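Dear colleague,

I am passing on to you the structure shown below, together with a short account of what was found in it. Please read the notes that follow with the model open beside them.

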Amino acid sequence: MDLKEFYTSINGDYEGVVSRLRSEKMVRKFVLKFLNDSSYDNLVKSLEENNYEEAFRASHTIKGICQNLGFTVLGDSSSTLTDALRNGWSEGAEELVKKVKEDYRQTAEAVKALEAEG
């Protein structure tokens with residue numbers, strides 16, 4: 001899988017991220033670092049502990065990373081979750097958490113596939 005195929009597989013913004021970071025090499029470098037970021041783990045842990053302030057921060061960080069990397073689907077779902085957690089737990093947040101978890105799983109699997117291709 002090449003970088004463009006990766007972005008197609010996650011419905012991401014390949015053209016936008018390449019124009020921002022100026023080269024596929026730079027984009028690939030940062031995409032592969034995505035799995036090293038602890039924000040998702042922090043989100044899950046914070047939600048388990050009902051620490052919604054920390055969950056908000058983690059979700060906000062995920063949103064920003066996704067916007068920078070052109071991960072459109074995960075970026076959109078984490079943005080919606082961020083809004084829902086802005087003032088603590090809100091009605092409907094449970095479904096949003098499920099959506100973020102699924103979008104993260106799909107994105108992470110795609111990153112791992114890209115990494116495996118070398």
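The lining of the largest cavity in this predicted model comprises five nonpolar residues, one charged residue and no polar ones. The residues concerned are Phe 34, Asp 37, Tyr 40, Ile 62, Ile 65 and Tyr 104. The volume of this cavity is about 50 Å³, and a search of the whole structure returns one cavity of 30 Å³ or more.

Some of these names return among the aromatic residues. One aromatic cluster is formed by Phe 6, Tyr 7, Tyr 14, Phe 34, Tyr 40, Phe 71 and Tyr 104. The number of aromatic pairs is eight. One of the pairs consists of Tyr 7 and Phe 71, which counts as tilted because the ring centres are 6.0 Å apart and the planes stand at 50°. Tyr 7 belongs to helix 1 (residues 3-9), while Phe 71 sits in the loop between helix 5 (52-69) and helix 6 (72-85), so that this pair links distant parts of the chain, 64 residues apart. Tyr 7 counts as buried because its relative accessibility is 1%; for Phe 71, the value is 2%, and Phe 71 therefore also counts as buried.

A further pair is that of Phe 34 and Tyr 104, with ring centres 5.5 Å apart and planes at 35°, and this pair is therefore tilted. Phe 34 is found in the loop between helix 3 (24-33) and helix 4 (39-48), and Tyr 104 in helix 7 (residues 93-117); the pair therefore ties together parts 70 residues apart in sequence. Phe 34 and Tyr 104 are both buried.

Yours sincerely

Terms used. Residues numbered from 1 in each chain as written. Predicted model: local features only at pLDDT ≥ 70, side-chain atom pairs only at ≥ 80, totals over all residues. Heavy atoms only, no water. Phe/Tyr/Trp six-rings, centres within 6.5 Å; stacked < 30°, edge-to-face > 60°. Helix = DSSP H or I, 4+ residues; strand = E, 2+ residues; numbered from the N terminus. Buried < 20%, exposed > 50% of the residue type's maximum accessible area, 1.4 Å probe, protein only. 1 Å grid on protein atoms, 1.4 Å probe; cavity = no way out; pocket = protein on both sides within 12 Å on 5 of 7 lines; lining within 4 Å. Points joined across faces, edges and corners; volume = space filled by probe spheres on them. Nonpolar A, V, L, I, M, F, W, Y, C, P; charged D, E, K, R; others polar.
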